[in-house]
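Reader: I would like to go through this model with you, from its aromatic rings to its backbone. Please show me the sequence and the structure before we start.

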Amino acid sequence: MGLMFNKPKRALILSGGGARGAYQAGVLKFLKEMDWEPDLICGTSVGAVNAVALGCGLSPEEIALLWKAIEKRQVYRISFWKQLQYYLFRKGFVPLMDTEPLKNLLLQNFDIQKLRKSKTEIIITAVNILTSQIKFFNNKEIDIEHVMASSAIPILFPWQYIDGEPYWDGGVMANTPILPALERGVKEVIVVLLSPVGGQKLPLPNTRTQALERVFEQGLIGSYQAFMSHLAWQKRLKWQKGLFAAMTRKIITIEDVKIATVAPVKMLGFGSLLRFTQQQSDVLLHAGYNDARYQLAEFFELTRKA
């Protein structure tokens, strides 16, 4: 018999963003201190890694320790011999990096049997490369290959096969997977983004590199912006300061559903995506905790009064 979940009241949405995922661990620490426990956790890419970690029974403290211990060599490695073969013979697609170390790291730290028995529904996403369709997986089917698929950054990481079909990073089409939460009728939603774009006014780019970075960051949250804009249009919601700015830093109430968002307040740079170091993890852990404490203050005031 498959897992049966009660109708969820609270949902946590974890976006993708590579090594920036340590930021989410800081947010998780704050949510635990506030005794806010989600019934449903949806994650994409590194958000899927953190979501499944929670589903496997890891505490926010254990997830933080895991992030502090992660180094680049435990996530990916570059095979110069394979790259040389590709450039010489041009036969078949060869990703830039090998993620076998990440697979071993997940196998060592994730107890999939606990995930199967978890009362919290976990949903992660991946994109079918052949059909370009988003696929959602939950506790009863998620295994290590599903987590690897959801976090398989195109070109950089190898795609993964699930039931004979190739999949890669869910962030390509749904980097912030909020839809399953709203479909299930949750009443409270907290979204954790890993990009600062939209949170506050940023200065105009001064260089082409800065311009490319800005475009990339906008792409990371593009699907979320489009979905929320459509939802707002349906409900005919209006904000004087603009939908996008409001959605990323204020509490949105759609009928009786409260949606709050936590996001970094400054640009993190391209390099942060693959910078798996203790130093960056420490910085992001503190930033996630402090940003959540500040940005969710109104959310928790409203939920306590409700």
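Reader: Are Phe 299 and Phe 300 buried or exposed?
Author: This is a predicted model, in which local features need pLDDT of at least 70 and side-chain atom pairs count only at pLDDT 80 or more, while totals for chains, interfaces and linings use all residues. Residues are numbered from 1 along each chain as its sequence is written, and side-chain values use heavy atoms, with hydrogens and water left out. A residue is called buried under 20% relative accessible area, exposed over 50% and partly exposed in between, with a 1.4 Å probe and protein chains only. On that scale both Phe 299 and Phe 300 are buried.

Reader: How many aromatic pairs does the model have?
Author: A pair of aromatic rings is described by the distance of the centres and the angle of the planes. Rings of Phe, Tyr and Trp (its six-membered ring) pair if their centres lie within 6.5 Å, and planes under 30 degrees apart count as stacked, over 60 as edge-to-face and the rest as tilted. By this rule the count of aromatic pairs is 9.

Reader: What kind of pair do Tyr 76 and Phe 157 form, and which loops does the pair link?
Author: The ring centres of Tyr 76 and Phe 157 are 6.1 Å apart with 40° between the planes, and the pair is tilted. Tyr 76 counts as buried because its relative accessibility is 8%, and Phe 157 counts as buried because its value is 6%. Helices (H or I, at least four residues) and strands (E, at least two) are DSSP runs numbered from the N terminus. In these terms the pair joins distant parts of the chain, 81 residues apart: Tyr 76 in the loop between α3 (60-69) and α4 (80-89), and Phe 157 in the loop between α7 (144-150) and β5 (160-162).

Reader: Which residues do ring pairs link into a cluster?
Author: Lys 29 has its charged end over the ring of Tyr 289, 5.2 Å from the ring centre, where the rule asks for NZ of Lys or CZ of Arg within 6 Å of the ring centre and within 35 degrees of the ring normal. Tyr 289 is also one of the residues that ring pairs link into a cluster, namely Phe 30, Trp 36, Tyr 289, Phe 299 and Phe 300.

Reader: How many disulfides are there?
Author: A disulfide is a covalent bond between the sulfur atoms of two cysteines. Cys 42 counts as buried because its relative accessibility is 0%, and Cys 56 counts as buried because its value is 2%. With a disulfide taken as a pair of cysteine sulfur atoms within 2.5 Å, the count of disulfides is 0.

Reader: Which residues of α10 are buried?
Author: Helix α10 (residues 208-220) has 13 residues, and at 1.5 Å a residue these should span 18 Å, which agrees with the 19 Å between its end C-alpha atoms; the expected span is 1.5 Å times one less than the number of residues. The buried residues in α10 are Glu 213, Arg 214, Glu 217 and Leu 220. They cover an arc of only 115° around the axis, which puts them on the same side of α10, the arc being that of the directions from the helix axis to the C-beta atoms. The exposed residues on the other side of α10 are Arg 208, Leu 212, Val 215 and Gly 219, whereas the buried ones are Glu 213, Arg 214, Glu 217 and Leu 220.

Reader: Which residues is Ser 118 in contact with, leaving aside its neighbours within four places in sequence?
Author: Ser 118 lies in the loop between α6 (112-117) and β3 (121-128), and it is buried because its relative accessible area is 14%. With contact meaning heavy atoms within 4.5 Å, and leaving aside its neighbours within four places in sequence, Ser 118 is in contact with Phe 5, Gly 55 and Asn 139.

Reader: Where is Asp 163, which has a positive phi although it is not a glycine?
Author: Most residues other than glycine have a negative phi, and most peptide bonds are trans. Asp 163 has a positive phi of about 50°, and it counts as exposed because its relative accessibility is 78%. The place of Asp 163 is the loop between β5 and β6 (165-169).
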